[in-house]
Amino acid sequence: MQGSARRRPFPAAAPGSPQPTGPLYPGRHGAVKNEDTFKTSPFHFDLWFYFTLQNWVLDFGRPIAMIILPLEWFPLNKPSAGDYFHMAYNVITPFLLLKLIERSPKTLPRSMVYVSIITFVMGASIHLVGDSVNHRLIFSGYQHHLSVRENPIIKNLKPETLIDSFELLYYYDEYLGHSMWYIPFFLILFIYFTGCFTPVEEESRMPVAALLLMGPSSLYYWYLVTEGQIFILYIFTFFAMMALVMHQKRKGLVLDSNGLFLFYSFIITLILIALWVVWLWNDKILRKKYPGVIYIPEPWAFYTLHMNNLHAAKESF
């Protein structure tokens with residue numbers, strides 16, 4: 001009798017009442033989990049459009065705004081227009097990343113997402129300070145295609161320990177800031193990408209809106225990788241995406257429209273990077289600036305070396 005009492009089944013729920021869930025009812029809980037696994041999501045045109053727009057305006061456009069707008073509006077000892085663009089970027093981008101994660105059809109690890117967002121904001125904020133000073137130095141003759149110690153305006157600084165301070169600023173801007181900014185950014189994109197798979201072949205196609213956004217999105221990723229000097233991070237993320245696609249294909253799963261958009265954008269980005277490197281392959285000055293095995297010049301280094309000189313020549317006539 002005691003043994004049968006221990007094995008007594010749970011009472012059935014009353015008709016019309018909600019079915020019980022939880023660890024004591026594994027069958028019901030497991031059914032919900034399976035439904036969540038195969039849930040699909042339509043193309044997020046609004047989020048991808050906002051991403052592309054704010055990336056072009058607030059990230060790519062910030063140094064351009066600083067150069068174009070009159071210097072009298074933003075003195076060199078005050079934040080420039082580009083700095084305010086950067087501040088807006090640091091607020092809007094984490095918000096969009098969180099909204100993107102929320103729309104994932106798969107439940108994603110929240111702790112990793114939150115830590116990544118926090119680190120992203122810290123890195124982007126560090127970069128804001130360093131990048132602000134470095135771009136303001138352009139008005140004083142600083143040349144981005146040269147190293148810190150090779151710049152004419154830096155060579156003559158007294159005492160020489162000031163040069164170390166500028167190298168520290170460059171380190172925070174180009175190394176620490178970029179690492180804390182871009183690693184979480186690509187990690188969040190990859191985490192989202194893991195949930196972009198569906199067993200339905202008909203849902204593995206992109207709408208016209210996605211095709212229209214793919215060009216501007218890919219071009220921005222090209223700028224992000226080349227200017228941020230994060231090719232290693234980008235290519236590892238891309239290889240991880242390829243490996244995941246092949247692994248899921250064995251299970252009969254294919255990418256949905258959002259996954260295809262992200263994956264194809266990365267493919268076009270790789271093609272653009274290859275064309276950029278081939279075009280500047282024989283540039284001796286940029287070769288000296290980027291002597292490593294991976295030769296990927298920064299667009300702003302190219303600008304200060306070639307385009308800036310071209311503008312100066314036109315003004316002299």
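These legends describe close-up views of one predicted protein model.

The model is predicted, so local features need pLDDT of at least 70 and side-chain atom pairs pLDDT 80 or more, whereas totals for chains, interfaces and linings use all residues. Residues are numbered from 1 along each chain as its sequence is written, and side-chain values use heavy atoms, without hydrogens and water.

**View 1. The fold of the protein chain.** The protein chain holds 12 helices and two strands. Both are DSSP runs numbered from the N terminus: helices are H or I with at least four residues, strands E with at least two. Along the sequence the pattern reads α-α-α-α-α-α-α-β-α-α-β-α-α-α. Of the 317 residues, 44% are buried (under 20% relative accessible area, 1.4 Å probe, protein chains only). Among contacts with a separation of 6 or more, 77% join residues 24 or more positions apart. A contact means heavy atoms within 4.5 Å.

**View 2. Helix H4 against helix H5.** H4 spans residues 81–102 and H5 residues 110–136. Their axes come within 10 Å and cross at roughly 165°. Axes are lines fitted to C-alpha atoms over the stretch in contact, and angles run from 0 to 180 degrees between N-to-C directions. H4 and H5 are therefore roughly antiparallel (over 145 degrees). The crossing is right-handed: the near helix is turned clockwise from the far one by less than a right angle. H4 contributes Asp83, His86, Met87, Tyr89, Asn90, Thr93, Pro94, Leu97, Leu98 and Ile101 to the contact. From H5, the contact residues include Val113, Phe120, His127 and Ser132. By class, the H4 contact with H5 has 13 nonpolar, six polar and one charged residues. Nonpolar covers Ala, Val, Leu, Ile, Met, Phe, Trp, Tyr, Cys and Pro; charged covers Asp, Glu, Lys and Arg; the others, Gly among them, are polar.

**View 3. Helix H7 against helix H10.** H7 (residues 161–193) and H10 (residues 257–279) pack at about 135°, axes 10 Å apart. Phe186, Leu189, Tyr192 and Phe193 of H7 meet Asn258, Gly259, Leu262, Phe263 and Phe266 of H10. The contact of H7 with H10 has seven nonpolar, two polar and no charged residues.

**View 4. Thr198 in strand S1.** Strand S1 covers residues 197–198 and includes Thr198. Thr198 is buried, at 0% relative accessible area. The Thr198 side chain reaches the backbone nitrogen of Val200 at 3.2 Å.

Technical notes:
Buried means under 20% relative accessible area, exposed over 50%, partly exposed in between (1.4 Å probe, protein chains only). A polar contact is a pair of N or O atoms within 3.5 Å; within protein, one must be able to donate a hydrogen and the other to accept it, and residues adjacent in sequence count only if both atoms are side-chain atoms. Angles under 35 degrees count as roughly parallel, over 145 as roughly antiparallel, 65 to 115 as roughly perpendicular and the rest as oblique.
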